[in-house]
Amino acid sequence: MEPDYEMIVTGGVFKGQAMASAEALSINTMNWADFDSLPFNLEQHVQFDHGRLMVLGGLLTGVASPLVLQYNGGWELADYFMSEPLAGHSVTAYPRDLARC
């Protein structure tokens, strides 16, 4: 039996209003299901899964945010922030040995 992979979609804008809702799409069945909503309306954020589902930055009441949300059976604020408030950004995972800082 194949594992059931899901694509999680969070927040965004609908009819001009920021949203907190979230849905999960089963890749195997192509059916949508409700997922835990974000704790607040958020748009232009980045969602990232690198062993843990996270949401980074975005527009919170129209202002760029440095907040980080983590999913751990429910959405919660991380105990750290991004170094700068960001919105409309992107994230790409690279193998550690390819990243030079």
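The lining of the largest cavity is made up of six nonpolar residues and two polar ones, with no charged residue at all. This is a predicted model, so read everything here with that in mind. The residues doing the lining are Phe40, Leu42, Val55, Gly57, Ser65, Leu67, Val68 and Leu69. As for volume, this cavity comes to about 30 Å³. Searching the whole structure for cavities of 30 Å³ or more turns up one.

Now for the strands. Val55 and Leu69, both on the lining list, sit in stretches that pair up: S7 covers residues 53–56 and S10 covers residues 68–71, and the two are joined by three bridges. S10 also pairs with S11, again through three bridges. Here are the two pairings side by side:

| Strand pair | Direction | Bridges |
|---|---|---|
| S7 (residues 53–56) and S10 (residues 68–71) | antiparallel | three |
| S10 and S11 (residues 75–77) | antiparallel | three |

Which residue of S10 is the bridge partner of Met54? That's Gln70. On the S11 side, Leu69 has Leu77 as its bridge partner, and Leu69 is also one of the cavity-lining residues. S10 and S11 form a hairpin with three residues between the strands, and there Gly73 takes a positive phi near 80°.

One of its members, Trp32, belongs to strand S5, which spans residues 32–35.

Notes. Residues are numbered from 1 along each chain as its sequence is written. This is a predicted model: local features need pLDDT of at least 70, side-chain atom pairs count only at pLDDT 80 or more; totals for chains, interfaces and linings use all residues. Side-chain values use heavy atoms; hydrogens and water are left out. On a 1 Å grid over the protein atoms alone, a cavity is a set of points where a 1.4 Å probe fits but cannot get out, and a pocket is an open set with protein on both sides within 12 Å along at least five of seven lines; lining residues have an atom within 4 Å of a point. Grid points are joined across faces, edges and corners, and a volume is the space filled by probe spheres set on the points. Ala, Val, Leu, Ile, Met, Phe, Trp, Tyr, Cys and Pro count as nonpolar, Asp, Glu, Lys and Arg as charged, and the others, Gly among them, as polar. Helices (H or I, at least four residues) and strands (E, at least two) are DSSP runs, numbered from the N terminus. Two strands pair if DSSP finds at least two bridges between them.
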